[in-house]
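Let's take a walk through a protein structure together. Have the sequence and the 3D view ready, and look for each piece as we come to it.

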Amino acid sequence: MPPAEAAPLLAVRELAVHIPDPPHLLRAVDGISFDLDRGETLGLVGESGSGKTMTAMALMRLLEPPLSRLPTGEVLLDGEDLMRLPEGAMAALRGHRLSMVFQEPMTSLNPVMRIGAQIAEPLRRHLGLFRAEAAARAEEMLRLVGLPDPARQARAWPHELSGGMRQRAMIAIALACRPALLIADEPTTALDVTVQAQILELLRELQRDMGTAVLLITHDLAVVEENAHRVAVMYAGRIVETGPVEAIFTAPRHPYTAGLLASLPRIREEPEPWLPEIPGMVPGAGDRPRGCAFAPRCTRVISGCVAEAPPLLGEPHAAACWNPLHD
Amino acid sequence: MTEPPLLEVAGLRVHFRGRGGGMVRAVDGVDLSLARGETLAIVGESGCGKTTTGKAILKLLEPTEGSIRFDGVEIARHSQRAMAPFRRRMQIIFQDPYASLNPRMTVAGILEAPFAIHGIGTREDRPDRIARLLRLVGLPEAAARRYPHEFSGGQRQRIGIARALALDPELIIGDEPVSALDVSIQAQIVNLLRRLQQEMGLSYILISHNLAVVSHVADRVAVMYLGRVVETAPRAALFFQPRHPYTRALLSAVPGQGVQRQVLAGDVPDPAHPPRGCAFHPRCPIAIPLCAEAAPERRDLGGGHSVACHKVDA
C-alpha cells in the first residue's frame, strides 16, 4: 500500500463515555473522532474535566466495571475495532501493540517487583522470549531510556529510583515490545522542569527511532507546542478544535483555544500587567448547557450558539464553532 | 535613603534530623530581603528548600540558625506567644485549596475564624466583614453559607485568599498558589493577586516552580538549589541576563519558548546527601575542579544582582 494512501494507524470514531448518575447523564466523553498516523504525535489538550484522561482509559479499555461497559463508538487500530475485541484479545495487545505511560510512575510500577523483571514481563508474555533473552533486552531498554548502569538498575526496586528515573523505567516497560501506539497521559506533569525536559527529549528520540505514534495527553499547552505534530483541544467532553500545531498556535479558530493561549503566561521582556482571563469555569459533566458548552464563557457568542452544538468542520484545521476567529 | 525593607532574612538555616539519623540541610544559609509593596519570587525544583524557607519566615517551622527581621524586629527566636502580634501581619496561601479549608465549616465560619482568634470586631459586625472579604476576592455574598466542597478549585483558592486577607496583613507568602489550577483559572487568580497588591499595598513572597508565572508577577527573583540561593536579581535581569549556570538551565527547560534547550544531566540530588563544594557541580556544564572543593560565596554584581558561582566574575 503506498504510504500516502495508507489508512491511519488509529482511527477513533464517535467515541463516547456517558455515565448515568440519576437524574443526570454525565457526558464525560461526548462523541469524539480523530486519526493518528504512524510515527505521528497528536497532542490531546484540555483542562480538568475536559474528558482527556477518560478518553485514554476508554481507548486502552482500562476503565473498571461498571464504567467499562459504557464506552461507545469505534477505536480502529490498524483497522481492527478494539471496542469489539474480547478482553483476552485486548490483553494480548496491551503492552504489545499499544502501551500507556501515566503521570505517576510510582503508582503504576509494581512496588514488589524489580525494575528489570517488570520490563522483561511483557517481552516474555507477548514476544515469547525466554528468561535470559528477556533480561538482556530489559537491560538494553534501560540503557536506551538513559538509566546509568543498566545492569545494576535492572535489579533495583521502584522505590530506590528518583521520580525522573522511575518515569524512564515506565517508558522502558511501555516501549519494550516496540508498540505501534504509545498513549502518554501527563507523562511529565509530576516532574521538575529540568527533568521534564529530559523525559520529553527521550520520548522524541525513541519515537523517531522506533516509529511509534504518540497520543500525548496534557493540560500543558507549552509541552504540546514543542512536542506534537497535530493538536486536538478538548472542552467539556468534545474536541472543539484540531489541526497542525503551527496553525493552532498561530491562528486558533475556536474562541476557547484562543483564550487558553492568551491566558498562558510567557516569559517576555515587557510582560503585560494583566493576563487575559477566560471568565467563569468549565461546566460540570452533568450540567452542560444546550448548544455549545463554551457559550456561557464565550465573548463571541451569537444566537445560534445556544441552540445547537456546532459540528467540528474544516480540514486539516477544524473548529467546532458557529462564529470562529480567523475566518 | 530608601525605606527599610519589610522583611530581611540573613543566614537562615533549617536543619532536620533525617530518617537515617543524618542531618537534612533543607535550608542552608539563605539571605533575602523584601521591600514594601514588592513581589519576591523564590523559584527552584523539588527539594530546593523554597517551601521550608517560606514556612521558617512565618515561624511555622523553627529556624535552626539565622536572622529574620520583620519591620525592623528580630523574630527568628520569638516564642509562639511573642509571635502572636506578628501573626496577623503575615499570612500564607497554600497550593492546594482542597486540603487547606476545613470541609466541615461554612465559608462564613472559615472567614470568621481569624477575627474570633484575634478578638477583632464584634459578633454583630462580622457578617459585614465577611461580606467585604468575599467582594474583595470576587465571590458572591451568598458564598458565605456554603461549604468548601460546593466550590471549584479556583473559587476555593479565592476563599483561601479571602482568609489570608481577613486581618489586613502586610506580607503574604503564596506557596505555589496557582500550581494546582487550570490555565484559564490560573490567569484569574494571578490577576486577582496583583489587583489586591495594588489596592492594599501588600508585599508578596511567591514560592513557585513555574517560571512563566513568576515572570509575570515578580519584581525580583531568588533561585534556590539544594537549600541555597544561587542567584538573585530583578525580574528582567534574571530572565534575560541570567548568570548562574543553574538559572540558565532552568530557564532553557521551560517549554514553549522556541529556544535552544540545554538539557541538564541527572536529577536533583537528595538534600540529605548534598554533593561537596557547590551542590550543583555534578550537573553543571561549566564546572571546574574548585567547584567540587569549595562552595562559592555570594557575589554582588551590582544593580541588585548577586550570584554564587566560582565561574562568574563580579
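First, some ground rules. This is a predicted model, where local features need pLDDT of at least 70 and side-chain atom pairs count only at pLDDT 80 or more, while totals for chains, interfaces and linings use all residues. Residues are numbered from 1 along each chain as its sequence is written, and chains are lettered from A and ligands numbered from 1 in the order in which they are written.

Start with the outline of chain A. Along the principal axes, the C-alpha atoms of chain A fill a box of roughly 65 × 55 × 45 Å. A compact globule of 327 residues would have a radius of gyration near 20 Å, and chain A has 21 Å, so the two agree. (That radius is taken over C-alpha atoms, and the globule rule is 2.2 Å times the number of residues to the power 0.38.) Inside that outline, chain A has 11 helices and 11 strands. Helices here are DSSP runs of H or I with at least four residues, strands are runs of E with at least two, and both are numbered from the N terminus.

What does UniProt say about chain A? An unreviewed entry there carries the annotation "domain: ABC transporter" for residues 12-261 of chain A. UniProt positions are given in the numbering used here, feature names are shortened, and annotations may be inferred rather than shown by experiment. That span is 41% helix and 26% strand, with its end C-alpha atoms 26 Å apart.

Where they meet, nine residues of domain 1 of chain A are in contact with seven residues of domain 2 of chain A. Being in contact means that the C-beta atoms, placed from the backbone, lie within 7 Å. On the domain 1 side of this meeting place, β2 (24-36) and α9 (221-227) of chain A each supply at least two residues. The largest share, four residues, comes from β2(A).

Now follow β2(A) into its sheet. How do strands hold on to each other? Strands of a sheet pair through backbone hydrogen bonds, either parallel or antiparallel. In chain A, four strands make an open sheet with antiparallel pairing, in the order β2-β1-β4-β5. Its edge strands are β2 and β5 (80-81) of chain A, each pairing on one side only. Strand β1 (residues 10-21) of chain A is joined to β2(A) by 10 bridges, and P20(A) stands opposite L25(A) in β2(A). Lying across β1, β2 and β4 (72-77) of chain A is helix α1 (residues 52-60) of chain A, at about 70° to β2(A). Such angles run from 0 to 180 degrees between N-to-C directions, with axes being lines fitted to C-alpha atoms, for helices over the stretch in contact.

Next, where do the chains touch? Here 34 residues of chain A are in contact with 33 residues of chain B. On the chain A side, the elements giving two or more residues are α7 (163-175), α8 (193-210), α9 and α11 (255-263) of chain A. The one that gives the most is α8(A), with seven residues.

On to chain B. Its UniProt annotation "domain: ABC transporter", from an unreviewed entry, covers residues 9-251 of chain B. An open sheet of eight strands in chain B has mixed pairing and the order β6-β7-β8-β3-β9-β10-β12-β11. At its edges, β6 (90-93) and β11 (299-302) of chain B each have a single partner strand, so one side of each is left without a neighbour in the sheet. Within this sheet, β7 (residues 171-175) and β8 (residues 203-208) of chain B run parallel, joined by five bridges. I172(B) has Y204(B) as its bridge partner in β8(B).

Finally, look for a hairpin: β4(B) and β5(B) form one with two residues between them, and D71(B) in the turn has a positive phi of about 50°.

Notes: Pairing = 2+ DSSP bridges. Contact = placed C-beta atoms within 7 Å.
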